[in-house]
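Work through the exercises below with the coordinates open, and try each task before reading its solution.

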Amino acid sequence: MPMSVSYREAPVEQLYKLHRERLEWLERVRDLIVALPSEYPDGYTVPDHHHNRSQLLHALAGVVLVKTQYGRWMVPPDHAMWIPAGIEHAVDMLGNVSMRSIYVAPNAVEGLPTRLRVVGVSDLMRSLIIEAVTLPTEQPPSERAALLMALLLHEIPTMPERPLGLPFPADARIATLCRRFVAEPSPHATIDDWAETVGMSRRTFTRVFHRQTGLSLSTWRQQALLFAALPRLADGEPITRVALDLGYDSVPAFTTMFKRMLGTSPRGYLRGAREVG
């Protein structure tokens with residue numbers, strides 16, 4: 001198995017073959033934890049797949065969108081996505097992506113997350129991940145390598161969850177509205193409009209939506225708008241234009257939401273993305 005796979009350089013007809021070979025290798029490897037780097041071009045999609053290990057997917061540079069039957073999750077730089085073993089998922093690349101993946105055997109350590117989530121990546125964890133992908137994968141690990149991987153493994157349960165998931169409700173009618181909103185975000189959609197469309201009272205709709213997603217509709221829409229904003233910001237669009245297009249009255253209002261969701265301002269996010277790019 002090669003140390004690194006660059007999907008940016010491979011012809012289109014070889015991309016799926018490279019991906020399939022990696023999945024087959026993951027099925028055979030016996031280590032509790034392995035780390036692999038990948039480079040992907042803008043617009044590339046890793047098709048639906050699953051593996052027998054959980055994956056900590058770290059976007060070292062670029063923005064990643066993970067799609068499952070349960071919803072969508074945005075993974076910007078300095079964040080990671082935890083994907084439990086067996087979960088079918090596809091991955092879209094928004095911009096050129098430098099991905100670092102840590103694959104963990106089930107029950108490798110106590111406290112591993114049991115559900116999909118986006119997590120923040122500390123300076124320590126980022127350094128561990130970057131170092132881990134440089135270690136040989138085809139020979140018994142050195143004492144240093146074993147200690148490094150053990151620390152990385154034990155740090156995973158401590159990673160803080162970030163509100164970058166966009167779960168879809170089980171109700172097919174509401175899920176259709178959610179997918180439509182993701183495709184064409186609109187700041188003018190209201191709870192009353194959505195409830196009327198699916199034939200529910202406002203109270204019933206609110207209760208059902210929260211029970212099936214764990215979020216209020218207003219919070220869900222806010223996260224969907226953030227999903228719409230990140231790729232545009234990454235492409236260099238002015239913050240003011242993005243904020244106004246998404247229905248915010250002012251840049252400060254948009255910045256407040258952005259900082260609450262990502263822990264940094266839009267300019268801070270863009271500065272960080274450039275530094276790791």
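A salt bridge is taken here as a side-chain nitrogen of Lys or Arg within 4 Å of a carboxyl oxygen of Asp or Glu. The model is predicted, so that local features need pLDDT of at least 70 and side-chain atom pairs count only at pLDDT 80 or more, whereas totals for chains, interfaces and linings use all residues. Residues are numbered from 1 along each chain as its sequence is written, and side-chain values use heavy atoms, with hydrogens and water left out.

**Exercise 1.** Determine which residue forms a salt bridge with K67, and describe where the two partners sit.

Solution. Step one is the distance: K67 pairs with D92, and their closest N and O atoms are 3.0 Å apart. Step two is the location: K67 belongs to strand β4 and D92 to strand β7, 25 residues apart, so the pair links distant parts of the chain; strands are DSSP runs of E with at least two residues, numbered from the N terminus. Step three is accessibility, where buried means under 20% relative accessible area, exposed over 50%, and partly exposed in between (1.4 Å probe, protein chains only). K67 is partly exposed because its relative accessible area is 25%, while D92 is buried because its value is 14%.

**Exercise 2.** Decide whether H89 is buried or exposed, and list what surrounds it.

Solution. H89 lies in strand β7, which covers residues 89-104. Its relative accessibility is 1%, and therefore H89 counts as buried.

**Exercise 3.** Characterise the interface between domain 1 and domain 2.

Solution. An automatic or database assignment supplies the bounds, namely 5-158 for domain 1 and 166-275 for domain 2. Eleven residues from domain 1 and ten residues from domain 2 take part in the contact. The buried area, which is the accessible area (1.4 Å probe) that two parts lose on being put together, summed over both, is about 1000 Å², with 70% of it given by carbon and sulfur atoms. Turning to charge, the count of salt bridges between domain 1 and domain 2 is zero. On the side of domain 1 that touches domain 2, the largest share, four residues, comes from β5.

Conventions:
Contact = heavy atoms within 4.5 Å.
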